Amino acid sequence: MIKDYTSAAWVVTILGIVLMFISKSSVFDSSQINGLCIGIGAALAVLGVGHLAGKYVTKAVATPEIEKLSLREEKDERNIRIRERAGWNASRIMVYLLCFIALASALMNLELYITILLASLIIIQSSLVAGSLIYYEKRM
């Protein structure tokens, strides 16, 4: 079953653009909140536009032969295992990077909220890994 996230991509794109406009208006007096709005808005807009562009480009060049080949490669067990190992390795590397950056931020006496945010990301990532392991142990 192939899921179509086109409507979600449009919503994300529009939300990103709205957040960028909010940051440029004088709704908030804080430069930190304006910076946060423009950062999140730009990220959402780029992700939405990227998904939409990819969707329409692949639709333009799609033929029945290409779709059949793509579906076969997507369901190939070797490719599935490669993606699983790549995801697991990326997850492990990100934990080490986040730990290093959190430690560096603490040692550089950055604002406390930055260090807490980085530590929270480590906890969230570790919780997601543990939750995924429990979920897939029960499922498989």
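I began at N109, which counts as exposed because its relative accessibility is 69% (buried is under 20% relative accessible area, exposed over 50% and partly exposed in between, with a 1.4 Å probe and protein chains only). The model is predicted: local features need pLDDT of at least 70, side-chain atom pairs count only at pLDDT 80 or more, and totals for chains, interfaces and linings use all residues. Residues are numbered from 1 along each chain as its sequence is written, and side-chain values use heavy atoms, with hydrogens and water left out.

**Entry 1: N109**

I located N109 in the loop between α4 and α5. I then read its backbone and found a positive phi of about 55 degrees, although N109 is not a glycine. Most residues other than glycine have a negative phi.

**Entry 2: overall fold**

I counted five helices and zero strands in the protein (helices, H or I with at least four residues, and strands, E with at least two, are DSSP runs numbered from the N terminus). The pattern along the sequence is α-α-α-α-α. The protein is more spread out than a compact globule, because its radius of gyration is 20 Å, well over the 14 Å that the globule rule gives for 140 residues. That radius is taken over C-alpha atoms, and the rule is 2.2 Å times the number of residues to the power 0.38. I noted that the C-alpha trace spans about 55 × 40 × 25 Å along its principal axes.

**Entry 3: burial, surface and contacts**

I found that buried residues make up 14% of the 140 residues. The protein exposes about 11,300 Å², and carbon and sulfur atoms supply 70% of that area (Shrake-Rupley method with a 1.4 Å probe; for residues, only the protein chains shown count as cover). Of the contacts with a separation of 6 or more, 51% join residues 24 or more positions apart (contact means heavy atoms within 4.5 Å).

**Entry 4: the largest pocket**

I looked up the largest pocket and recorded a volume of about 550 Å³. On a 1 Å grid over the protein atoms alone, a pocket is an open set of points where a 1.4 Å probe fits, with protein on both sides within 12 Å along at least five of seven lines; lining residues have an atom within 4 Å of a point. Points are joined across faces, edges and corners, and the volume is the space filled by probe spheres set on them.

The lining includes R81, E84, W88, Y136 and R139. The elements that give two or more residues to this lining are α4 (77-107) and α5 (112-139). I sorted the lining residues into five nonpolar, three polar and three charged (Ala, Val, Leu, Ile, Met, Phe, Trp, Tyr, Cys and Pro are nonpolar; Asp, Glu, Lys and Arg are charged; the others, Gly among them, are polar).

I placed T58 in helix α2 (residues 31-61), and T58 is partly exposed at 48% relative accessibility. Its C-alpha atom is separated by 32 Å from that of R92, 34 residues apart along the chain.

V49 is also found in helix α2 and is partly exposed, with a relative accessible area of 46%. I read 31 Å between the C-alpha atoms of V49 and A119, which are 70 residues apart along the chain.

Y135 is found in helix α5, where I noted it as partly exposed at 46%. Y135 and R85 lie 17 Å apart, C-alpha to C-alpha, and 50 residues apart in sequence.
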